[in-house]
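Welcome! Here is a short tour of one structure, written to be read with the sequence and model open beside you.

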Amino acid sequence: MSVEIDREKCVGCRRCHDVCPGSLIKIGSDGKAFIKYPKDCWGCTSCVKECPAHAVRFFLGADIGGMGSVLHIEKNGELLDWVIERYDGENIVVSVDPKESNKY
Ligand code: SF4
Ligand code: SF4
């Protein structure tokens, strides 16, 4: 599992840094986030969900059927839109209500 941070999009809010349970994300001297230990990421997606700038992208590897697609998450009112950017250029959007997601 691994995430990538787009430093062009990063606005330096530090949310990803604060939520990462493994302290894998650091803030550079330019105020932008970077992942220092990508191999240690276990894919909890907390940083992906917290980023307000859609700068954190999560790789969906071939081992889980993603074939190199990437995922980012956008807030859509009360919902979270999980946006999968497929390897072939197509986008798939799955809208999730966070208030309902842990119900079962
Ligand atoms: S997915 Fe989880 S473990 Fe991996 S960098 Fe983001 S917050 Fe840390
Ligand atoms: S949450 Fe997003 S915008 Fe904020 S520091 Fe991390 S990558 Fe940058």
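Which residues does V3 touch, not counting residues up to four places away in sequence? In this predicted model, V3 makes contact with I35, C41, C47, V48, V56, R57 and F58.

## The largest nonpolar core

V3 also belongs to the largest nonpolar core, which has 20 residues. Together with I25, A33, C47, V48, V56 and F58, V3 is among the members that touch the most others in this core.

Several elements give two or more residues to the core: strand 1 (3–5), strand 3 (33–35), helix 2 (46–50), strand 4 (56–60) and strand 5 (69–76). Strand 4 provides the largest share, with three residues.

## Around ligand 1

Let's turn to the first ligand. Ligand 1 sits in the largest cavity. V3 turns up again here, as the shell consists of V3, C20, P21, I25, I35, C41, W42, G43, C44, T45, S46 and C47. Sorted by class, this shell has nine nonpolar residues, three polar ones and no charged ones.

## Around ligand 2

Ligand 2 sits in the second largest cavity. There are 13 residues around this ligand, and C10, C13, R14, C16 and C51 come nearest. The shell of ligand 2 divides into eleven nonpolar residues, one polar and one charged.

Notes: Residues are numbered from 1 along each chain as its sequence is written. Chains are lettered from A and ligands numbered from 1 in the order in which they are written. This is a predicted model: local features need pLDDT of at least 70, side-chain atom pairs count only at pLDDT 80 or more; totals for chains, interfaces and linings use all residues. Side-chain values use heavy atoms; hydrogens and water are left out. A residue is near a molecule or strand if one of its heavy atoms lies within 4 Å of it. On a 1 Å grid over the protein atoms alone, a cavity is a set of points where a 1.4 Å probe fits but cannot get out, and a pocket is an open set with protein on both sides within 12 Å along at least five of seven lines; lining residues have an atom within 4 Å of a point. A molecule sits in a cavity or pocket if more than half of its atoms lie within 2 Å of its grid points. Ala, Val, Leu, Ile, Met, Phe, Trp, Tyr, Cys and Pro count as nonpolar, Asp, Glu, Lys and Arg as charged, and the others, Gly among them, as polar. A nonpolar core is a set of buried Ala, Val, Leu, Ile, Met, Phe, Trp, Tyr and Cys residues joined through side-chain atoms within 4.5 Å. Buried means under 20% relative accessible area, exposed over 50%, partly exposed in between (1.4 Å probe, protein chains only). Helices (H or I, at least four residues) and strands (E, at least two) are DSSP runs, numbered from the N terminus. Contact means heavy atoms within 4.5 Å.
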